[in-house]
Amino acid sequence: MCVWVQVALMAVSAAASIAAANSQARAKNAQAESEARIQENNTIIARDEAAYAQGEAARAASQKRREVNAQLGAQQARMGSSGVVVNSGSTLEKLVDMAEIGERDVVRAGQSGDADAWRSENKARSSETAAKLARAGKVNVAQVTAQAGLSALSSSASSARGFFGAQG
C-alpha cells in the first residue's frame, strides 16, 4: 500500500476517533442536563405538594376545631335544657373531657398534614440533590476531545513507526 494512502488512513482514523469522542461527550452532557431539569421540576412539584399539605393540615385542624366546638355547644345546650348545672361537678368534668378529646383530634388532623408536608419536602430535597449530581456528572467536552485526539495521534504515530520501520 502506498505510504501516502497509509498516512491518510491514519489521519482519517484519528479524526473519526476525535469526532466520536466529541459526540459522546456532548450526548452525555445533554443527558445530564435533561436529568437535571427533570429533577428540578420534581423539586418544584414536591415543594408545591408540601405547601398544599400544610394548607390542608391547617384547614383540617380548623374544621375539626369547629366541629368540636359545635359538639361541645350542643352538649352544653342539651344538659342545660334538662336542668343540669353545666359549670360544676361531674357535668363540667364530662365537658372538659370532651374538649380534651376534641383537641387531640384537632392536633392529629394537623399532624397528619404536617407529616405529608414533611415527606414532600424531603422529596424536594432529594430531587434537588439529584439535579446537582446530574450536573456534576457533566464532562468538559473540549478536554475529552483533546484527550481523544492525543490518544488517536499517539496510536497513529505508533502505527506509522511500525509501518515505516518495516518499509526501511
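The model is predicted, so local features need pLDDT of at least 70 and side-chain atom pairs count only at pLDDT 80 or more, while totals for chains, interfaces and linings use all residues. Residues are numbered from 1 along each chain as its sequence is written, and side-chain values use heavy atoms, with hydrogens and water left out.

The protein chain has three helices and zero strands, running α-α-α from the N terminus on (helices are DSSP runs of H or I with at least four residues, strands are E runs of at least two, numbered from the N terminus). With a radius of gyration of 37 Å, well over the 15 Å that the globule rule gives for 168 residues, the protein chain is more spread out than a compact globule. That radius is taken over C-alpha atoms, and the rule is 2.2 Å times the number of residues to the power 0.38.

Some values for the protein chain:

| Property | Value |
|---|---|
| C-alpha trace span along the principal axes | about 125 × 20 × 20 Å |
| Share of the 168 residues that count as buried | 24% |

Buried means under 20% relative accessible area (1.4 Å probe, protein chains only); areas come from the Shrake-Rupley method with a 1.4 Å probe.

Now for α2, residues 89–136: its 48 residues reach 69 Å from first C-alpha to last, close to the 70 Å expected (1.5 Å times one less than the number of residues). Its buried residues include Gly102, Gly110, Gly113, Ala117, Ala124 and Ala131.

How values were computed
Buried < 20%, exposed > 50% of the residue type's maximum accessible area, 1.4 Å probe, protein only.
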